[in-house]
Amino acid sequence: MRVKDPLFVYDMQLDDEGMITNIFWADGKGRADYEVFGDVVTFDTTFRTNKYDRPFAPLLRINNHGQTIVFGVALLYQENVESFVWLFQTFIGVMNGKHPTTILNDQSAAMAKAIMIALPTTHHRLCIWHIYQNAAKHLAHVFSGMRSFAIAFQQVIYDYEDEASFLEAWENLLEKYNLRENPWLLKLFEERKKWAMVYGRHIFCGNMMSTQRSKSFNSVLRNYLTSKLGVARFFEQFERVLADRRYAELQEDYKMMDQSISSKELCLILRQMVQLYTPSIFQKLKDEYGKILYVMVELLSEENTLKTYKAVHVDASCYASLVTFDCSTETIECSCKKFEFCGIPCMHMLRVLDVNQKFMLPDKYIMKRWTRKARDMDTCIFVSTTAEEDPRVAKNKRYMDMCHRYQKLISEASEYEEAYKEVVRHYFVLDGKVKDIVKMSHLGKEEYLSTIDISNQNSSHDYHGARGLAIKCKARCGGRSVKRIKGPLEQSKKKKKPTPVSDTFFFNWF
Ligand SMILES: [Zn+2]
């Protein structure tokens, strides 16, 4: 892989017998994507390789088109604290020390502990889909039989903006359905800060509350990795998965560039947005803007330049949001925190801007990661390094910066013969200039070579002694391959219809 991709890195652990236990790898594209879209990571270990019965766990996220992208992948031996700590630390090391804002996964005590150790500044959120699977199992007597319980349970997860109201609703739920002693709910309540929106709506999550992305990616993997593949064939097949998905990304980029933006029939703020955002994100914004006709606002107070409004949607008049707007700084905040949570302004903010005759969205509310130019580097802004900085770190920064810029250039140029020839022509000019600079800097041959061997610094361990992949007892003893364990909601799918769940139930956009 390294021959094809100089930014490809891997790391692995060996046991006392020299057998490989945990493996992690990431390629140049995954690392470059993490720089731009590595704000939230979903991590799911439910996909298993047939032959070795190992959790195969990709670290995923979505790009500015709403497509799933892969940052890196782990093949784990065991799902214990040590394995997860090793994985997260390796991941962060490979990604230049950048920690994600949020990590989303299922309820696993080992993973929770590992996140506290290896990602102490990252917010850990639990997947709502998994919580519902567990609720169906542990609260079957009320969950499947009473529609009102499902609604009340959904409300405590999503609806409250202040802690006191949430706690009151929780108490009412326990009381009404006689669940005060239920051990699963007691445990769930202990972890409330990881799943109740009241504790997380101010933290950026890209509007995702479940790991359904990982689940759908797993079903894609199942199409490619169905047979009992050996390690080499497994990696080969996985490369095909990545290549196919990345081609789809490229197609989306080109589709976006080719699309003529017609904005004649749009109002001013939508004209601004259609130019800025990718088509899929623009559609979300347009939908949100469409709701402002149904938002009633009432001016509660006005002090100097600061106005405070109460905003109520006509279909949900029991929920009021408070919006503050400072016209001197064009700062606007809403208590629903949708902007903070998903990076697009909410209907309440848009309505208040509208009543104040502000027909353009202030720059500070345009999140670059959702825009057409998410991957664009700021022109001629060089990465900053200091004299005190570790030379290897500084070198790596420069290397990654150039890779981002040239990867995009090469992707675009490869589509057209003339553009390709232009890049190749300039390559020789650049190559000569770089060689001159190197010569003038009096770098010795050995030192020069070290500058181009950056890609190896993250995986410089000597693995020549590795004797092979450690095989778990079940697989070693010829046990049957382990299929993914289905959740209770999935198991009951064929027997009877599950409790209806609306499209917006998981609060995911895509
Ligand atoms: Zn709002």
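In which strand is Asp 11 found? In this predicted model, Asp 11 sits in strand E1, which spans residues 9–14. Asp 11 counts as buried because 22 other C-beta atoms lie within 10 Å, and the cut-off for that label is 20 or more. As for Asn 22, it comes 11 residues away from Asp 11 along the chain, and the C-alpha atoms of the two are separated by 8.3 Å.

Strand E3, made up of residues 40–43, is covered on both faces. In a regular strand, side chains alternate between the two faces of the sheet. For E3, Val 40 and Thr 42 lie on one side, Val 41 and Phe 43 lie on the other, and all are buried.

What does E3 pair with? One partner is strand E7 (residues 102–105), which pairs with E3 in the parallel sense over 3 bridges. Here Val 40 stands opposite Thr 102 of E7. Another is strand E5 (residues 54–62), joined to E3 by 2 bridges and running antiparallel to it. On this side of the pairing, Thr 42 stands opposite Leu 60 of E5.

Then there is the nonpolar interior. In soluble globular proteins, nonpolar side chains tend to be buried together. The largest nonpolar core in this model has 88 residues. Ala 74, Leu 87, Val 323, Met 349 and Val 352 are the residues with the most contacts inside that core. Taking Met 349 and setting aside neighbours within four places in sequence, its contacts are Val 323, Ile 332, Cys 334 and Phe 339.

Definitions and conventions:
Residues numbered from 1 in each chain as written. Predicted model: local features only at pLDDT ≥ 70, side-chain atom pairs only at ≥ 80, totals over all residues. Buried ≥ 20, exposed ≤ 12 C-beta atoms within 10 Å, placed from the backbone. Helix = DSSP H or I, 4+ residues; strand = E, 2+ residues; numbered from the N terminus. Pairing = 2+ DSSP bridges. Core = buried A, V, L, I, M, F, W, Y, C linked by C-beta atoms within 7 Å. Contact = placed C-beta atoms within 7 Å.
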